[in-house]
Amino acid sequence: SNSTHQLRLPDMTSGTMTLLTLPVFQLDAVDGYTFTLDVYRNTTSYPEEGLRIFASNASTLDTAAVELAFISRNYQTASTSGTTEIPAESVSNWYTYELSIPLEGLVHIFVRGESRYGSSTYMDNFVVTKLPECREVKNLKASDITTSSAQIRFTKTPSPEYDFVVTTQAIKPDTLASVAASLIVYRDTIDTMVVALSALQPSTDYYVYVQGLCTDTTASEWASASFMTRCLEEVPYVMNFDNTSDRKPLKGSSTEMIPSCWEGGYSSSSYTSYIQNNTTSATYAYSAPSALRLYSGSSSNSYVVLPELNASLDTLQLTFKARAMYQGSTSMNNYATSTYAHSIKVGTMTNPDSISTFRLLETYVLDEVSSPTTSGDYWENVTIYLQGAKGKYIALVSEFDKANYVWIDNLEVSKAPDCIAPSGISVVAKTDGADVKWNS
């Protein structure tokens, strides 16, 4: 799709490997050269399908070869080989990767294609480059981002020290001398590749600049990266999903949107949760035009995570409107049935980027409808008390079932009452009275 000739690893039987051997290179320094290539990463399946790249002083690929990287065709798959990190990407596209060659002398580069019978893997633009003696740092990025902190990491270069700068506005780092002091959050000369930033402000953009200091008179080009700290919202917190300016793309998508301060994830890109727009309020939104759609499949589910709140979660309650929709044999049906049960798992997470941190508080099951009347009858009032919650974030998770939807609208997190109303009231009639049950 880049309109030039490319190399292709064909779609072959799972387990098939093909080997591409580049011409031999005469290199005069360890880690003094890089091998760069473009790879088309275009799926969320087959994480083991892709390209494994080696360097060796031998003319054949053997156990003495050094693995430089594995680049999966699955753009959501990250990998690490030695000190080289291949990141997960957000969308299907061409990506460029630069790999350091840790050998000198006569060096052979091998590209091994590893097929899983998914589809072809395309690559292009192979370049072997000699690096300058004073090199720009690579893989500069922020991680472990919270409302007030972040970890900054980058790959080590031969520089003994680095000029490390953090600002609240994008700048040209060569003009630091003229930058207002109020914009510089942090500046120091460091000799480590990991920096812990603290005392940051919520919902704030930060810009990071790093320059290698090779000698008293020699410095590398500046590397740069940026990140935004997570949101910290006030209680009561209200979300009706209607504000189109308060949205961002769901990770891995350019069109499916969630609220700007929320996070979301899924086990399959075919079953995701995002904001659905519709002008028919009774069908897709309790209050038009938008609501949140939780979606699940027979072996896949999805989730959304609310922003951090400025109150202890175990003092709060969560309320929202909910309704079900299932995919029947001929059409979409706007209610829950015994065959296509619907539930919403409500819990907490300590890390909004990792569903493994989810801890269940309550599973809310929507009422079944055996004889539907009009489509607007099936919105339910849901109240979840968060007593016992220990995480930092509230999360909503869809069930595993058959292509089912749950719509959520008019969500609010507020302080729980001191005296909580009972829930789960049920009545069973008898000839001389009734049995009434409820949850304490």
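Reader: Is Val-436 buried, partly exposed or exposed, and what is its relative accessible area?

Author: Val-436 has a relative accessible area of 45%, so Val-436 is partly exposed. This is a predicted model, in which local features need pLDDT of at least 70 and side-chain atom pairs count only at pLDDT 80 or more, while totals for chains, interfaces and linings use all residues. Residues are numbered from 1 along each chain as its sequence is written, and side-chain values use heavy atoms, with hydrogens and water left out.

Reader: In which strand is Val-436 placed, and which residues make the nonpolar surface patch?

Author: Strands (E, at least two residues) and helices (H or I, at least four) are DSSP runs, numbered from the N terminus. Val-436 is in strand β36. A patch is made of residues with over 30% relative accessible area and no salt bridge; like charges are joined within 9 Å, and nonpolar side chains (Val, Leu, Ile, Met, Phe, Trp, Tyr) within 5 Å. Here Ile-425, Val-427, Val-436 and Trp-438 make a nonpolar patch of about 450 Å². At least two of its residues come from each of β35 (423-430) and β36 (433-439).

Reader: How many disulfides does the structure hold?

Author: A disulfide is a covalent bond between the sulfur atoms of two cysteines. The criterion is a pair of cysteine sulfur atoms within 2.5 Å. The structure holds two disulfides. One of them joins Cys-134 to Cys-214, with an S to S distance of 1.9 Å. Cys-134 lies in the loop between β11 (121-130) and β12 (138-143), and Cys-214 in the loop between β17 (205-213) and β18 (219-228), so the pair ties together parts that are 80 residues apart in sequence. The torsion about this S-S bond is about 95 degrees, so the disulfide is right-handed. Cys-134 is buried at 11% relative accessible area, whereas Cys-214 is partly exposed at 22%.

Reader: How is the link of Cys-231 and Cys-261 read?

Author: The sulfur atoms of Cys-231 and Cys-261 are 1.9 Å apart and form a disulfide. Cys-231 is in the loop between β18 and β19 (232-233), and Cys-261 is in the loop between β22 (257-259) and β23 (263-266), 30 residues apart. With -70 degrees about the S-S bond, this link is left-handed. Cys-231 counts as buried at 9% relative accessibility, and Cys-261 as partly exposed at 21%. When the bonded cysteines of the chain are numbered in sequence order, the pairing is 1-2, 3-4.

Reader: How many residues has the largest nonpolar core?

Author: A nonpolar core is a set of buried Ala, Val, Leu, Ile, Met, Phe, Trp, Tyr and Cys residues joined through side-chain atoms within 4.5 Å. The largest one has 33 residues, and those with the most contacts inside it include Trp-262, Leu-318 and Ile-408. Among the strands that each supply at least two residues of this core are β25 (290-296), β28 (316-327) and β34 (404-415). β28 gives the most, with five residues. Apart from this core lies another, of 23 residues, among them Leu-37 and Ile-53.

Reader: What does Ile-408 touch?

Author: Contact means heavy atoms within 4.5 Å. Not counting residues up to four places away in sequence, Ile-408 touches several residues, including Phe-241, Phe-320, Ile-344 and Leu-396.

Reader: How many salt bridges does a search of the whole structure find?

Author: Side chains of opposite charge can pair when their charged atoms come close. A salt bridge is a side-chain nitrogen of Lys or Arg within 4 Å of a carboxyl oxygen of Asp or Glu. The search finds 18. One of them joins Arg-52 and Glu-114, whose closest N and O atoms are 2.8 Å apart. Arg-52 lies in strand β5 (residues 50-56) and Glu-114 in strand β10 (residues 105-114), so the pair ties together parts that are 62 residues apart in sequence. Glu-114 is buried, at 3% relative accessible area.

Reader: With which residue does Lys-248 form a salt bridge?

Author: Lys-248 forms a salt bridge with Glu-263, the closest N and O atoms being 2.9 Å apart. Lys-248 is in strand β21 (residues 247-249) and Glu-263 in strand β23, 15 residues apart. Salt bridges that share partners join Arg-230, Lys-248, Lys-251, Glu-263 and Asp-353 into one network.

Terms used:
Areas by Shrake-Rupley, 256 points an atom, 1.4 Å probe, with all protein chains shown as cover. Buried < 20%, exposed > 50% of the residue type's maximum accessible area, 1.4 Å probe, protein only.
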